[in-house]
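Student: I would like to go through a model with you. Could we begin once it is on the screen?

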Amino acid sequence: MSLESITNSIDESVSDFFEPVADAASDVVFYTVPVGGTDLPLIVAWLVIAGLIFTVGFGLVQVRKFKLAFDTVRGKYDEEGSVGEVNHFQALTAAVSGTVGLGNIAGVAVAVSIGGPGATFWMILCGLLGMATKFVEVTLGVKYREEHEDGTVSGGPMHYLPKGLAERFGSGGAKLGKVLAVLASIMILFFGLFGGNLLQANQSYAQIASTVGGGDGFMASSAGAVLFGLVVAALVGLVLLGGIRSIASVTSRLIPAMAGMYVVACLVVILTNVTAVPDAIQTIFNGAFEADGITGGVIGALIVGFQRAAFSNEAGLGSAPIAHSAVKTKHPASEGLVALLEPFIDTVVICTMTALTIIIADPASWAAARENEGDIGGVTITSDAFATVLPWFPHVLTVAVLLFAFSTILTWGYYGLKAWSYLFGKSRTSELTFKALWSLFVVAGSLLSLDSLISLADSALFLLSVFNIIGLYLLAPVVKKELDSFMDFVRSRKARAAVGSGDPGDERDAVKVV
């Protein structure tokens, strides 16, 4: 029996086993109600409403504190002796690497195909609202993180839910928090294995197989898939062994490089057609209120835009606080402000750039998708849009896809490890077991399609938002106190920097970057 027949048999068996479970989970998690002639998934509304409530509750924190967030990333308010493993910039890039990925390339194409150009407007709005949610959850992640004897730290919903609720509501809160923490850990682990690992490996292999040698080349064979999987698994394993410091070291270089490369390519297409930019922007705005997508009209564009943005930036899902909790800081709200830049980078900037590129280039594949001729294209539409100006760009896009996927596998490997450690203990044997299993899943991802498993993993990820946001609402007063505390520190630091205190140590601290 050939390797290809074996992998096909395994793929079919796994899909047959999980398909009914995936369908049932999807029906529950993505339960819809009819709104304006289309179906609204309640889970999407749950995420958007949370963003709106936190935006209002914290007085447009994403707007008022935007400059302060950038100053904090630059290290302006760092302090010597802070507990943690990485600096603000490294924590940000590590978390962004888990959100910026294939969703920015393929997901946006799906959004503007189904919802029309107007879906872009709603994606941007959802991204702006998600900035406030991200601020809240990351502040809590740092506030209630656990410091280990070896100098490492652990954070995320599995820590701030039980600790925070116990602190605010006593024994009753502790019990609720424990239940929510266990459920959140299971959901993080499940999505990490299948969505943050298998999907990324599968999609990156599919892209390289289609561009290197074509459909009949070596890379398109099962042997090529195994080779690809082994190489990526080895690289992932080596980085994971180094922990968050190693991951942050890689992502702090990888994320700016790959995001910059992608944005530059978008700008080339946009600037080449610069005279079309005003019309494209007007098309987006008009389409938001007069949608011409495949289904749903204005409400359809709104739902699709919100849904793709929620998938992309993960605000409210509790995943980002795991990476941000490793930051070196004495003020939890400082990293909360840094984290609010994530949805801005991921959704407001990169997703918008992708949408503008597609709308301006107007490739034939996008027109066919909007007319519902055949399947809705994903990465193909984006690739075709770039090819209208840069015929060779599909090969560059392959590199981008590989880098996006690799960084996402690394970050979700870290998220999964923290969930695994919470559930099974933080021993060296336990952690090495997880890292070995994680690397093996990379190989499996290049061989299997596992569509039903990915559907089930998405259900787990969005179910996580239910557990997480309940805790965010209950712990919002804690975040308010932490923000006030950090703002007092900022004012004090600015005062010392402006007039000096006469203490050389204070003056040094005013400009110290660690």
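This is a predicted model: local features need pLDDT of at least 70, side-chain atom pairs count only at pLDDT 80 or more; totals for chains, interfaces and linings use all residues.

Student: Where is H331 found?

Tutor: H331 is in the loop between α13 (320–324) and α14 (332–339).

Student: Is H331 buried or exposed?

Tutor: H331 has a relative accessible area of 14%. It counts as buried because that value is under 20%.

Student: Which residues does H331 touch, not counting residues up to four places away in sequence?

Tutor: On that basis, H331 touches E79, S485, F486 and F489.

Student: And α14, how many of its residues are buried?

Tutor: Eight of the eight residues of α14 are buried, so the helix is largely enclosed by the rest of the structure. Among them are P332, E335 and L337.

Student: Which helices each supply at least two residues of the lining of the largest cavity?

Tutor: They are α2 (42–57), α7 (119–143) and α12 (297–313). The largest share, four residues, comes from α7.

Student: Which residues line the largest cavity, and what is the lining by class?

Tutor: The lining residues include L47, V48, C126, L129, T133 and N313. By class, the lining has six nonpolar, four polar and no charged residues.

Terms used
Residues are numbered from 1 along each chain as its sequence is written. Side-chain values use heavy atoms; hydrogens and water are left out. Buried means under 20% relative accessible area, exposed over 50%, partly exposed in between (1.4 Å probe, protein chains only). Contact means heavy atoms within 4.5 Å. On a 1 Å grid over the protein atoms alone, a cavity is a set of points where a 1.4 Å probe fits but cannot get out, and a pocket is an open set with protein on both sides within 12 Å along at least five of seven lines; lining residues have an atom within 4 Å of a point. Ala, Val, Leu, Ile, Met, Phe, Trp, Tyr, Cys and Pro count as nonpolar, Asp, Glu, Lys and Arg as charged, and the others, Gly among them, as polar.
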